[in-house]
Amino acid sequence: MRKNAVIPYAIIAIVGIIAVIVISLVGVDQRKDLANQDEQGGETQEGEVASPEVIYENNCAMCHGADLSGGSNPDLTTIGAKLSVDEIASIIQNGQGGMPAQSHLSQEEVDALSEWLGEKQ
């Protein structure tokens, strides 16, 4: 008696097709969750502003260092002793020297960040 060799391949193909469908559905749900998270600013709820430390980490640390030391860019560890909160906010919004304007930040984020940096004396 000879076994039919097509049946195991058909079963494998069906299982594979079902797996692809399941993985696709899971991926669609994850994609929707990521889109919702992006619309809400990632870590904050609507109307909520991230902490100044998080804003700094996400927007400033790559140039000014995680510890505000600056490296080849301006040191921000004592920036509040040199500039007022309004001057800091103006630099964040409009840029200065080699620093580009951070126009992607909301006014609330600029205010929170400049007040936080203004305390660095």
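Reader: In which helix does Ala 61 lie?
Author: In this predicted model, the position of Ala 61 falls within a helix that covers residues 61-64. That helix is H3.

Reader: Is Ala 61 buried or exposed?
Author: A residue counts as buried when its relative accessible area is under 20%. For Ala 61 that area is 16%, so Ala 61 is buried.

Reader: Which residues is Ala 61 in contact with, leaving aside its neighbours within four places in sequence?
Author: Contact here asks for heavy atoms within 4.5 Å. Once the neighbours within four places in sequence are left aside, the residues in contact with Ala 61 are Tyr 56 and Ala 66.

Reader: Why are the buried residues of H2 on the same side of that helix?
Author: In helix H2, which covers residues 52-59, the buried residues are Pro 52, Ile 55, Tyr 56 and Asn 59. An α-helix has 3.6 residues a turn, so residues three or four places apart point the same way.

Reader: What covers the buried residues of H2?
Author: Tyr 56, one of the buried residues of H2, is also in contact with Ala 61, and Ala 61 lies in H3. What covers the buried residues of H2 includes H3 and helix H6 (107-118).

Reader: Which element gives the most to the lining of the largest pocket?
Author: The largest pocket has a volume of about 460 Å³, and its lining takes two or more residues from each of H3, helix H5 (85-94) and H6. The element that gives the most, with 3 residues, is H5.

Reader: How many charged residues does the lining of the largest pocket have?
Author: The largest pocket is lined by 19 residues, and those nearest its centre are His 64, Pro 74, Leu 76, Ile 91 and Met 99. Sorted by class, the lining has 13 nonpolar and 6 polar residues, while the number of charged residues is none.

Reader: How many disulfides does the count come to?
Author: A disulfide is a covalent bond between the sulfur atoms of two cysteines. The cut-off for such a pair is 2.5 Å, whereas the cysteine sulfur nearest to that of Cys 60 belongs to Cys 63 and is 8.4 Å away. Cys 63 is likewise in no disulfide, and the count comes to 0.

Reader: Is Cys 63 buried or partly exposed?
Author: Cys 60 has a relative accessibility of 11% and counts as buried. The relative accessibility of Cys 63 is 42%, so Cys 63 counts as partly exposed.

Key: Residues numbered from 1 in each chain as written. Predicted model: local features only at pLDDT ≥ 70, side-chain atom pairs only at ≥ 80, totals over all residues. Heavy atoms only, no water. Helix = DSSP H or I, 4+ residues; strand = E, 2+ residues; numbered from the N terminus. Buried < 20%, exposed > 50% of the residue type's maximum accessible area, 1.4 Å probe, protein only. 1 Å grid on protein atoms, 1.4 Å probe; cavity = no way out; pocket = protein on both sides within 12 Å on 5 of 7 lines; lining within 4 Å. Points joined across faces, edges and corners; volume = space filled by probe spheres on them. Nonpolar A, V, L, I, M, F, W, Y, C, P; charged D, E, K, R; others polar.
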